[in-house]
Amino acid sequence: MKKLEILIPQYDEKEETIKPLLDSISIQQNIDFNDIGVIICNDGSEIKLSEEFLKNYDFAIKYIEQEHKGVSAARNKCLDSATAEYVMYCDADDMFFNACGLWIIFRELRNGGFDSMSSLFIEETRYPSTREVIYINRDMDVTFVHGKIHRRQFLIDNNIRWNDKLTIHEDSYFNILCKVMAGERYKYLPQAFYLWKWRDTSVCRHDEKYMLKTYNNMLESNTALIKELLKRGRLDQAQICVTTMIFDAYYTLNKDEWWQDENKDYKKNVEKRFKEYLTAFREVYESTPYDVKNQIIMSIKNRMYKEGLFLEKLTFSDWLNRITGKEGETE
């Protein structure tokens with residue numbers, strides 16, 4: 001059995017796009033390439049990776065195809081084809097940050113292993129004004145798929161899969177579920193081995209209105225997660241996720257951009273969707289212990305202030321009343 005398989009969904013990525021990732025695997029140091037494998041799932045794309053291209057590498061690459069179902073379904077297809085002890089999801093346009101990345105992962109396996117692990121990762125980005133390339137450290141979080149490893153049998157035993165219906169902000173659903181179910185077998189690694197590469201066609205980093213346009217997708221992802229946690233009897237974790245989502249929405253929608261006239265339709269649509277969310281999970285929110293709420297509020301408030309929110313336009317109570325159509329009332 002291989003120690004690790006790297007699972008990669010592919011849709012519009014051509015050979016020149018995925019080549020840096022495969023090349024970054026091929027230069028890994030102090031590992032046995034018989035211990036690793038790569039599984040690439042073509043998600044119904046007409047862009048095929050040739051056998052001639054894939055056979056250039058000294059590690060096993062399995063190329064599978066499915067009809068177009070989206071990134072989450074493609075990742076599940078990869079998982080269903082995997083046989084290694086551990087699996088790692090990579091995006092086709094990313095790569096390993098250094099030549100010791102796999103050695104770092106295998107070191108952690110030798111040091112007792114884990115069911116799920118989250119690491120720091122590096123983001124390649126650009127200065128907005130000069131377009132100069134910069135690399136920044138990204139903290140360990142549950143927002144991105146980057147830099148996370150999972151024991152395959154742990155995923156199988158706990159029926160942890162990507163939600164096929166989610167294709168935007170889908171990462172947090174899967175990542176949080178892994179973290180919750182792993183419990184004490186969840187490991188944090190304060191060392192980066194994954195590079196989130198810059199891509200000129202990446203919508204999430206080029207469209208200034210990306211969050212305005214996709215915040216409802218975040219609510220959809222969180223809704224699916226809460227339902228899954230409640231189904232699994234994890235009320236305590238559902239409370240944390242609901243409270244976090246509510247206050248993230250409150251502070252996010254208090255940012256200036258959401259109050260600009262040109263964005264009023266985005267704001268209206270999100271408030272409408274959030275009302276449905278609040279109706280569905282208000283009891284979960286209200287059952288959240290007071291001290292847990294306070295910790296979450298302070299954490300989100302600190303993050304939002306770092307992002308430029310200095311003063312809320314509405315109090316939390318007034319905002320909830322606005323959402324539920326009770327403006328003028330107080331709670």
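## Nonpolar cores and ring contacts

Within the largest nonpolar core, which has 58 residues, the members that touch the most other members are Leu155, Ile246, Phe247, Phe274, Tyr277 and Trp319. Helix H9 (residues 235–252) supplies the largest share of this core, nine residues. A second, separate core has 35 residues, among them Ile6, Ile36, Leu49 and Met117. A nonpolar core here is a set of buried Ala, Val, Leu, Ile, Met, Phe, Trp, Tyr and Cys residues joined through side-chain atoms within 4.5 Å, where buried means under 20% relative accessible area, exposed over 50% and partly exposed in between (1.4 Å probe, protein chains only). In soluble globular proteins, nonpolar side chains tend to be buried together.

The model is predicted, so local features need pLDDT of at least 70 and side-chain atom pairs count only at pLDDT 80 or more, whereas totals for chains, interfaces and linings use all residues. Residues are numbered from 1 along each chain as its sequence is written, and side-chain values use heavy atoms, with hydrogens and water left out.

Trp319 is in contact (heavy atoms within 4.5 Å) with Ile246, Ala249, Tyr250, Leu253, Phe274 and Leu314, leaving aside neighbours within four places in sequence. Trp319 also belongs to a cluster linked by ring pairs, together with Phe247, Tyr250, Tyr251, Phe274, Tyr277, Phe281, Tyr285 and Phe316.

Across the whole structure, a search finds 23 aromatic pairs; rings of Phe, Tyr and Trp (its six-membered ring) pair if their centres lie within 6.5 Å, and planes under 30 degrees apart count as stacked, over 60 as edge-to-face and the rest as tilted. One of these pairs, Phe121 with Phe144, is edge-to-face, at 5.6 Å centre to centre and 70° between the planes. Because Phe121 lies in strand S7 (residues 121–126) and Phe144 in the loop between strand S8 (133–138) and strand S9 (148–151), the pair ties together parts that are 23 residues apart in sequence. Phe121 counts as buried at 1% relative accessibility, and Phe144 counts as buried at 16%.

Glu271, in helix H11 (residues 264–286), counts as buried at 13% relative accessibility. Not counting residues up to four places away in sequence, Glu271 touches Leu253, Arg322 and Ile323.

Conventions: Helices (H or I, at least four residues) and strands (E, at least two) are DSSP runs, numbered from the N terminus.
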